[in-house]
Amino acid sequence: MIRVLLVDDQPLIRSGFRALLDLEDDIEVVAEAADGSEGLELAKEHLPDVALIDIRMPVIDGIEATRHIAADPNLAAVHVVILTNYGMDEYVFDALRAGAAGFLVKDIVPEDFLHAVRVAARGDALLAPSITRKLINRYVTQPLPAHTGRGLEEPTGREREAVVLAARGLSNDEIADRMVISPLTAKTHINRAMTKLRARDRAQLVVRAYESGLVTPRTP
């Protein structure tokens with residue numbers, strides 16, 4: 001059972017998401033919060049698998065709440081998915097740098113929303129939902145530089161290739177197809193790159209890829 005925490009200052013939004021999630025046999029909403037501070041406390045109390053957190057809220061905003069969750073070792077298993085009305089690109093990177101596992105706008109179709117919750121809960125292919133892919137993909141370009149810099153251990157060529165594809169929003173299966181390798185090998189490349197780039201999860205791996213120079217922002 002996937003345990004979900006809803007954090008949004010709009011009761012109607014929370015009730016809408018809850019109604020959708022409650023229809024699923026494998027998902028349970030364990031708590032709701034109206035601001036980031038309350039959400040943080042409920043995350044500590046309930047230890048949900050997924051915390052769906054709005055960006056703009058009173059007391060503590062969603063990005064700051066995410067930062068607190070990511071920094072707490074006791075909440076290491078909580079995967080944060082940021083929800084917002086604003087599809088502004090800078091929020092994507094603010095959220096991912098804070099430790100979010102994904103980023104969704106609230107007009108996402110129900111199928112993609114439910115998929116994102118399940119993807120976040122299992123900790124794999126966290127940037128796969130289509131809306132996040134569109135936001136991330138515009139920043140990705142090649143070729144890769146030869147060195148990662150900043151004192152981080154350098155991934156191999158194949159690991160770097162896998163990281164770039166992950167930054168484009170591809171799942172492990174899609175990375176495997178693109179690289180003509182098995183899904184298990186693709187997952188191994190990603191996991192090794194996470195270790196070398198000191199990333200706590202797949203979303204942070206993408207941030208590290210930008211910060212270290214593996215992937216560079218595309219000029220608008």
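A residue is called buried when its relative accessible area is under 20%, exposed when it is over 50%, and partly exposed in between (1.4 Å probe, protein chains only). Helices (H or I, at least four residues) and strands (E, at least two) are DSSP runs, numbered from the N terminus. The model shown here is predicted, so local features need pLDDT of at least 70 and side-chain atom pairs count only at pLDDT 80 or more, while totals for chains, interfaces and linings use all residues. Residues are numbered from 1 along each chain as its sequence is written, and side-chain values use heavy atoms, with hydrogens and water left out.

**View 1. Strand 2 and its partner, strand 1.** Let's start with strand 2 (residues 27-33): five of its seven residues are buried, so the strand is largely enclosed by the rest of the structure. Strand 1 (residues 2-7) pairs with strand 2 in the parallel sense, over six bridges; to pair, two strands need at least two bridges found by DSSP. Look for Ile 2, which stands opposite Ile 27 in strand 2. Together with helix 1 (residues 11-22), the two strands make a right-handed β-α-β unit. Right-handed means that, with the strands pointing away from the viewer, the path from the first strand over the helix to the second runs clockwise.

**View 2. Strand 5, covered on both faces.** In a regular strand the side chains alternate between the two faces of the sheet. Strand 5 (residues 102-105) has Gly 102 and Leu 104 on one side and Phe 103 and Val 105 on the other, and all of them are buried. Its parallel neighbour is strand 4 (residues 79-84), joined to strand 5 by four bridges. Here Val 81 stands opposite Gly 102.

View 3. You will find Asp 72 in the loop between helix 3 (62-71) and strand 4. Asp 72 is buried but has no salt bridge, and the nearest side chain of opposite charge, Lys 44, is 4.7 Å away. A salt bridge needs a side-chain nitrogen of Lys or Arg within 4 Å of a carboxyl oxygen of Asp or Glu. The side chain of Asp 72 does reach the backbone nitrogen of Asn 74, at 2.9 Å.

**View 4. Two loop residues with positive phi.** Leu 47, in the loop between helix 2 (36-46) and strand 3 (50-54), has a phi near 45 degrees, a positive value in a residue other than glycine. At 44% relative accessibility, Leu 47 counts as partly exposed. Arg 198 lies in the loop between helix 9 (183-196) and helix 10 (202-212), and its phi is near 60 degrees. At 54% relative accessibility, Arg 198 counts as exposed.

How values were computed:
Lys, Arg positive; Asp, Glu negative; His and termini not counted. Polar contact = N/O pair within 3.5 Å; in protein donor to acceptor, adjacent residues only side chain to side chain.
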